[in-house]
Structures are given as structure tokens and as C-alpha cells.
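Reader: Could you walk me through how to read the features of a model like this one? I would like the general idea each time, and then the case at hand.

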Amino acid sequence: MLRRFELAFYLAIIAAAVLYGAGLAEKDSAGERRPRPDYSQRDMAPKYPDPFGGEVVEIKVSRKTGNSVGTAYAVSSDLWMTAAHVVRDCDSLALVVGPRQGIRPKSVWVHPDYDLALIETKPLGQPVLAPATIRPRRGDEGFHIGYPGGKPGDIVSRKMTEGQMHTRGDIERLEPIDIWAERARFPESLTTLGGISGGPVFNDRGEVVGSTVAGTVRRGRAYTTPMTSLQDMLDRAGKAWQQQPNEPAITRPLSESAIVTAGNSLREKLAVVQLYCTVR
């Protein structure tokens, strides 16, 4: 039989071992909850090719099940640029040119790699928008004009960075975009950007620097295709941007205070129009 002091000694050793083991178990479980540096890097790595660089914006698309609206703008007397997802799955498509008045396209070209489409109609006598020759830089202002929520509306933003838009679902593609942070919206009651897709974004000189293809009111972000993508759309269709001389669509520099007047003028002159897509 162990003496009393020997029993106390062994009990102390056992207690110390238990406490030490508990401490190790607590440290191990906490370590498992914290991602290891190498694991974090692998987890954040893109799961698809990264040809453009920058932030990746994920967009999920599905087939249309009902009628929808979008925006288009004039790049020549009979050509209109818009977003590919605006014209996809449409059984019929019309440019709205007046109350309960629309005209049907003659031809529609859809870009295979970018969210862009080109529409040909009869000439409407509208002014043609001017293309920019320089891509906007970080901090530059952007002016988005169209029909958000199916009604006339305008957004003022500031360019954050350049990145990529990864579209998945019915369509899988990766394309370059400019990313903008919203600064103001008109009207202020605007709660959705749906319907402004395909519409132009201007620099402060009134030149088109891209097409609005996606956005989120909650995060205050707008995503646009750059001019290089727009030019590629025209090249693939065998068409050209044909600005009419001596008839500028925007006659003065754009600013936050001037955006509503400019937007209303472009919509009234049919340089920016609403598209209506019917799905049977």
C-alpha cells in the first residue's frame, strides 16, 4: 500500500498531466479554427483563368421567364449598342420611341465573349454619341444614363478600379470591366439598377467610356464594359462608330448638377432609348 505522501505525489503528477493535455487540446482546436496562411492563399486563388487581372465580380444568370426592359444608345444613324443579356431569350424586341410606340430591329449581333450586343434599325434622325479615346482613370467621374427600374434615371459614380466580371449559369465567361462607386442617383427614390443595363456611361466631357452591364444599389457599385470591348463588338459586326459632324449629343461638360438635364435631353432626342423584350 502506498504511503500517504506517495499517493499525494502521484495524484499531483496525474493532475498536472491532465491540465497540460487540456491546454494542448484547447490550443489545437483554436489553431484549427484559424485558417493557416497557405490554406487562405489557396482558398482565395481564382478557380478559372485570370487574363485581365484585378477584382473579380461574380454574376449569375438564368434564362428569362418574363418580359424585361433595358437601355440602348446610338453609335451611328442606324446602330444601337446595348448589353447582350438585355436581348437574350427575347421572342420579340423593340426600341421604345414614344408612348406605346416601338420599332423592331432589322438585325441583332451578340458578342460571344462580352456582355454586349449591337442592334440595327432604320435611321431615326437622332444625334449620335461621341466615343472616348482614353480609358477613365481611378478617381474619374462617370455619368450613367438610362432607364433604371424601367423609368428615366441617372447615376453619378467615381471609378474605383479595373477588374473582371465572371458570368456563370446559363452562360460562362470572363471579361474585363471598369468598377465604379456610386455617388448620387436621380431620382433619389431609385431602388434598383435593373433596366439601365446596356446604357452608356460618360466621362465629364460627355464622351462614352463604356456600357453599364451590371450593378448593385445595396453595395453602391456599377460595372461597365470598356471602350475596347465596344470597339470589338463593332468590328465583329463589320460596323463602325459614325458620329455625326457638327451635331454633338451633349453640348456642355457633364457634372452632378447637369446630369438630369443631359439625361432627359438624350432620352428626348432618342440618342438613349429603352428596349422592351417580350418573352412568350
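Reader: Let us start with Asp115: is it buried or exposed?

Author: Some ground rules come before the answer. This is a predicted model, so local features need pLDDT of at least 70 and side-chain atom pairs count only at pLDDT 80 or more, while totals for chains, interfaces and linings use all residues. Residues are numbered from 1 along each chain as its sequence is written, and side-chain values use heavy atoms, with hydrogens and water left out. Buried means under 20% relative accessible area, exposed means over 50%, and partly exposed lies in between (1.4 Å probe, protein chains only). With a relative accessible area of 4%, Asp115 is buried.

Reader: Where is Asp115 found?

Author: Asp115 is in the loop between strand 6 (107-110) and strand 7 (117-120). Helices (H or I, at least four residues) and strands (E, at least two) are DSSP runs, numbered from the N terminus.

Reader: Which side chain forms a polar contact with that of Asp115?

Author: A polar contact is a pair of N or O atoms within 3.5 Å; within protein, one must be able to donate a hydrogen and the other to accept it, and residues adjacent in sequence count only if both atoms are side-chain atoms. Here the side chain of Asp115 makes one of 2.7 Å with the side chain of His85. For plain contact, the rule is heavy atoms within 4.5 Å. Leaving aside neighbours within four places in sequence, the contacts of Asp115 include His85, Met165, Arg173, Glu175 and Thr225.

Reader: And what does Tyr114 touch?

Author: Tyr114 is also placed in the loop between strand 6 and strand 7, and at 17% relative accessibility it counts as buried. Not counting residues up to four places away in sequence, Tyr114 touches Ala84, Arg173, Glu175, Pro176, Ser229 and Asp232. Tyr114 and Pro176 are 62 residues apart in sequence, yet 8.3 Å apart in space, C-alpha to C-alpha.

Reader: Which strands pair with strand 9?

Author: Two strands pair if DSSP finds at least two bridges between them. Strand 9 pairs in the antiparallel sense with strand 10 (residues 153-169) over six bridges, and with strand 12 (residues 200-202), also antiparallel, over two bridges. Ile145 stands opposite Asp154 in strand 10, and His144 stands opposite Val201 in strand 12. Five of the six residues of strand 9 (residues 141-146) are buried.

Reader: What does the disulfide join?

Author: A disulfide is a covalent bond between the sulfur atoms of two cysteines. The working test is a pair of cysteine sulfur atoms within 2.5 Å. A search of the whole structure finds one, joining Cys90 to Cys277 with S to S 2.0 Å. Cys90 lies in the loop between helix 3 (84-87) and strand 4 (92-98) and Cys277 in strand 15 (residues 272-278), so the pair ties together parts that are 187 residues apart in sequence. The torsion about the S-S bond of Cys90 and Cys277 is about -115°, so this disulfide is left-handed. Cys90 is partly exposed at 21% relative accessibility, whereas Cys277 is buried at 1%.

Reader: Last, the backbone: which peptide bond is cis?

Author: Most residues other than glycine have a negative phi, and most peptide bonds are trans. In this model, the bond from Phe186 to Pro187 is cis, with omega near 0°. Asp89, though not a glycine, has a positive phi of about 65°, and Leu270 has a positive phi near 65°.
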